[in-house]
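Hi everyone, thanks for making time for this. Have the sequence and the 3D view open while I talk.

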Amino acid sequence: MSLKYTAADPRAQRRRLLDDPRSLRALAHPLRLELQAIVGRSGRITTADAARELGISHGLASHHLHQLAKYGVVEQVRGADNRERPWRLVATTVSYEGLEKRPGGAAAVIAFEQVAAERAMAGFLSWQERREHWGGGWRTHSGLGRSTVYLTEAELVRLVDAIEKLIYEYVDERPLDDLTTRPPHSVPVDFSLFVVPGEPVAAGQGG
């Protein structure tokens with residue numbers, strides 16, 4: 001496993017590169033992804049509070065949090081008193097770049113991305129049920145956007161890099177678990193970028 005932290009600034013992003021397929025497979029579970037997200041949004045949260053947030057038993061929440069801790073995703077820290085110790089994220093930004101080149105890495109990436117895509121779709125459907133109660137700016141600039149454009153491999157790389165750069169300008173300024181960097185009236189916004197190359201249509205078809 002590789003664990004990379006940014007500079008000494010305690011408010012900076014804590015970055016982690018997953019280079020072990022077992023670590024990514026440990027994340028490939030819908031409940032663990034939800035727990036990871038709740039720990040990040042809360043900054044710090046106890047097992048009991050996380051269980052209540054998800055509507056699951058304390059024992060189930062504890063099991064999955066300890067599995068996340070086993071693979072270095074979350075950790076327990078000292079609380080305000082001697083009661084249950086809260087959890088926090090070990091890293092605020094996780095990537096698995098290059099993992100596909102390792103033995104078992106490609107299968108781990110597929111397993112994780114399938115679970116992450118299902119979670120993203122569940123979040124999208126939930127938004128469809130809630131969106132009528134939100135302001136016009138939230139409704140207009142959220143939801144599903146879809147375009148098809150013919151690109152070369154190099155163009156696709158440049159386009160995705162440009163999109164990610166725009167998002168990461170905000171990510172870098174606002175570590176997920178640092179409540180002090182959140183602007184007033186801000187809410188967590190999930191971005192899920194699905195990039196799906198299609199097979200080209202055979203030339204000369206279509207009459």
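Predicted model: local features only at pLDDT ≥ 70, side-chain atom pairs only at ≥ 80, totals over all residues.

Residues are numbered from 1 along each chain as its sequence is written, and side-chain values use heavy atoms, with hydrogens and water left out.

Okay, the big picture. The protein chain has seven helices and five strands. Reading from the N terminus, the order is β-β-α-α-α-α-β-β-β-α-α-α. Along its principal axes, the C-alpha trace spans about 75 × 50 × 35 Å.

How much of the chain is buried? Of the 207 residues, 28% are buried. Here, buried means under 20% relative accessible area, exposed means over 50%, and partly exposed is in between, with a 1.4 Å probe and protein chains only. The chain exposes about 14,300 Å², and carbon and sulfur atoms supply 54% of that. Those areas come from the Shrake-Rupley method with a 1.4 Å probe, and for residues only the protein chains shown count as cover.

Now contacts, meaning heavy atoms within 4.5 Å. Take the contacts between residues at least 6 apart in sequence: 61% of them join residues at least 24 apart.

Next, salt bridges. We call it one when a side-chain nitrogen of Lys or Arg is within 4 Å of a carboxyl oxygen of Asp or Glu. The structure holds six, and I'll show you some of them.

Find R22 and D20: their side chains meet in a salt bridge, 2.8 Å from N to O.

Another one joins D49 and R52, with the closest N and O atoms 2.2 Å apart. Both sit in helix α3, residues 47–54, and they are three residues apart, about one turn of the helix. In general, an α-helix has 3.6 residues a turn, so residues three or four places apart point the same way. D49 is partly exposed at 33%, and R52 is exposed at 61%.

Then there's R88 with E75, at 2.7 Å, N to O. R88 lies in strand β4 (residues 87–89) and E75 in strand β3 (residues 74–76), so this pair ties together parts that are 13 residues apart in sequence. Both count as partly exposed: R88 has a relative accessible area of 23%, and E75 has 27%.

Let's move to buried residues. V73 is in the loop between α4 (58–70) and β3, and with 7% relative accessibility it counts as buried. Which residues does V73 touch, not counting those up to four places away in sequence? They are R16, L27, Q36, L68, L89, V90 and A91.

L99 is in the loop between β5 (93–95) and α5 (105–130). At 1% relative accessibility, L99 is buried. Leaving aside neighbours within four places in sequence, its contacts include L18, D19, D20 and P21.

On to helix α7, residues 153–173. Its 21 residues should span 30 Å at 1.5 Å a residue, and the end C-alpha atoms are 30 Å apart, which agrees. That expected span is 1.5 Å times one less than the number of residues. There's still a kink of about 30° in α7, centred on I167. The bend at a residue is the angle between axes fitted to the seven residues ending there and the seven starting there.

Finally, look past α7. H185 is in the segment after that helix. H185 has a positive phi of about 70° although it is not a glycine, and it is exposed at 78%.

F191 is in that segment after α7 too, and it counts as exposed at 61%. F191 forms a nonpolar surface patch with W138, V187 and V189, with about 390 Å² of accessible area together. Patches use residues with over 30% relative accessible area and no salt bridge; like charges are joined within 9 Å, and nonpolar side chains (Val, Leu, Ile, Met, Phe, Trp, Tyr) within 5 Å.

How values were computed: Helix = DSSP H or I, 4+ residues; strand = E, 2+ residues; numbered from the N terminus.
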